[in-house]
Amino acid sequence: MARSIFVLFSWLTILCGLCSLPGGLSHARDLGRRHIIVGTVLSANGDSVLIGANVVLTGRDRHTETDSLGQFTFDDVAPGSYSLRVTHVGYAPRVDEGRVEASTDTLFVSFRLTEAPAVMGNISVTSQTPLPRPDELVSQHVFDDHHLQTSPQFAEDVYRAVARIPGVSADDYSARFRVRGGEHDEVLVLLDGLELIEPFHVKDVEGGIMSIVDVAALEQASLLTGGFSAAYGNRKSAVFDLQSRRPPQNGARMSAGVSLLNARAMSEGTFLDRRGSWLVSARRGYAELI
């Protein structure tokens, strides 16, 4: 009798195990199952996708970025609660929470980010080099009389003597020059403080083959190509400041010269016991004859 009861109990145990086996296998299959999260990131009005948005699956130590279609994917995600954080430069961050159910293979999500200005901290710029003095901020090129008369030039022309300065452009025919792409009339020309307007000869050819200023009558020429003060207003490109030579203090002197395009003569000296001086310069060009 005891043996029969033991055998019956054993069969009941096996039968109960067989009855519970399918459910147990199904539950184990659900626990080992992995799922996919697919999402899209758009702007708030939905008219454009956001490329390169940073998406973080918080609590799972996983992150990715949206592709050229504004989409992202997290695969092999275990069922359970999750939190997605989406950030993009120029947009306010967005955080959404949800849950991956065991019965769902793929979960689709969508984010719409609102534009927001990027707030940056203060930026401090320092330098170990001392600041330049105000007079060093002026871009100035100064030529003395020796440089003006000995530099390679055409027709002893002061305009052509400065045409080789960086930022200055001129052609082979006209004496006019341009500074940093500006027009020639944007250059202020001064002779001892007096403004010269169109100081050229033979204007029918490219606006003037040579200038009216004799290079031998100059002591200094300064070309200010930037940073000049409001005293030289009403001009954009540059200031061409010419200064006549100072007559010698030990008597009178005369000089003359002839070249292919002009003939020149100059007289200079002092009078009234050096209390007065004169400087007379004349030049005759014959480029029109040539």
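This is a predicted model: local features need pLDDT of at least 70, side-chain atom pairs count only at pLDDT 80 or more; totals for chains, interfaces and linings use all residues.
Student: Let's start with strand 2. Which side chains point to which face?
Tutor: Strand 2 covers residues 54–58, and its side chains alternate. Val55 and Leu57 point to one face and are buried.

Student: How does strand 2 run against strand 3, parallel or antiparallel?
Tutor: Antiparallel, with four bridges joining strand 2 to strand 3, residues 62–65. Val55 has Thr64 as its bridge partner in strand 3.

Student: And how many bridges link strand 2 to strand 5?
Tutor: Five, again in the antiparallel sense. Strand 5 spans residues 80–88. There, Thr87 is the bridge partner of Asn54.

Student: Now packing. Which residues touch the most other members of the largest nonpolar core?
Tutor: Leu148, Val158, Tyr159, Phe177, Leu223, Phe240 and Leu242. The core has 23 residues.

Student: Which elements supply at least two residues of that core?
Tutor: Helix 3 (158–161), strand 11 (187–191), strand 15 (218–226) and strand 16 (238–244) each do.

Student: What's in the second core?
Tutor: That core is separate and has 17 residues, including Ala53, Phe74, Leu84 and Val100.

Student: Phe74 has a ring. How many aromatic pairs are there in the whole structure?
Tutor: Three. In one, the ring centres of Phe72 and Phe74 are 5.9 Å apart and the planes sit at 70°, so the pair is edge-to-face. Both Phe72 and Phe74 are buried.

Student: How do Phe72 and Phe111 sit?
Tutor: Their centres are 6.2 Å apart and their planes are at 45°, so that pair is tilted. Phe72 lies in strand 4 and Phe111 in strand 7 (residues 106–113), so the pair ties together parts that are 39 residues apart in sequence.

Student: Buried or exposed, that Phe111?
Tutor: Buried, with a relative accessible area of 1%. Phe72 has 2% and is buried too. Phe72, Phe74 and Phe111 form one aromatic cluster.

Student: Charges next. How many salt bridges does the structure hold?
Tutor: Seven. One of them joins the side chains of Arg62 and Asp75, at 3.4 Å from N to O. Arg62 is in strand 3 and Asp75 in strand 4 (residues 71–77), so the pair ties together parts that are 13 residues apart in sequence.

Student: Where do Arg62 and Asp75 fall on accessibility?
Tutor: Arg62 is partly exposed at 26% relative accessibility. Asp75 is partly exposed as well, with a relative accessible area of 44%.

Student: What about Arg264, what does its side chain meet?
Tutor: Asp214, in a salt bridge at 2.9 Å, N to O. Arg264 lies in strand 18 (residues 262–271) and Asp214 in the loop between strand 14 (210–211) and strand 15, so this pair ties together parts that are 50 residues apart in sequence. Arg264 is buried, at 13% relative accessible area. Asp214 is buried at 5%.

Student: Which residue forms a salt bridge with Glu268?
Tutor: Arg245, with the closest N and O atoms 3.2 Å apart. Glu268 is in strand 18, while Arg245 is in the loop between strand 16 and strand 17 (253–258), 23 residues apart. Both Glu268 and Arg245 are buried. Shared partners join Arg245, Arg253 and Glu268 into one salt-bridge network.

Student: Last one, Ser43. Where does it lie?
Tutor: In strand 1, residues 35–43. Ser43 is buried, with a relative accessible area of 4%.

Student: What polar contacts does the Ser43 side chain make?
Tutor: One is with the side chain of Asn45, at 2.7 Å. Another is with the side chain of Asp47, at 2.9 Å. Not counting residues up to four places away in sequence, Ser43 touches Ser48, Leu50, Tyr91, Arg112 and Leu113.

Terms used: Residues are numbered from 1 along each chain as its sequence is written. Side-chain values use heavy atoms; hydrogens and water are left out. Buried means under 20% relative accessible area, exposed over 50%, partly exposed in between (1.4 Å probe, protein chains only). Two strands pair if DSSP finds at least two bridges between them. A nonpolar core is a set of buried Ala, Val, Leu, Ile, Met, Phe, Trp, Tyr and Cys residues joined through side-chain atoms within 4.5 Å. A polar contact is a pair of N or O atoms within 3.5 Å; within protein, one must be able to donate a hydrogen and the other to accept it, and residues adjacent in sequence count only if both atoms are side-chain atoms. Contact means heavy atoms within 4.5 Å. A salt bridge is a side-chain nitrogen of Lys or Arg within 4 Å of a carboxyl oxygen of Asp or Glu. Rings of Phe, Tyr and Trp (its six-membered ring) pair if their centres lie within 6.5 Å; planes under 30 degrees apart count as stacked, over 60 as edge-to-face and the rest as tilted.
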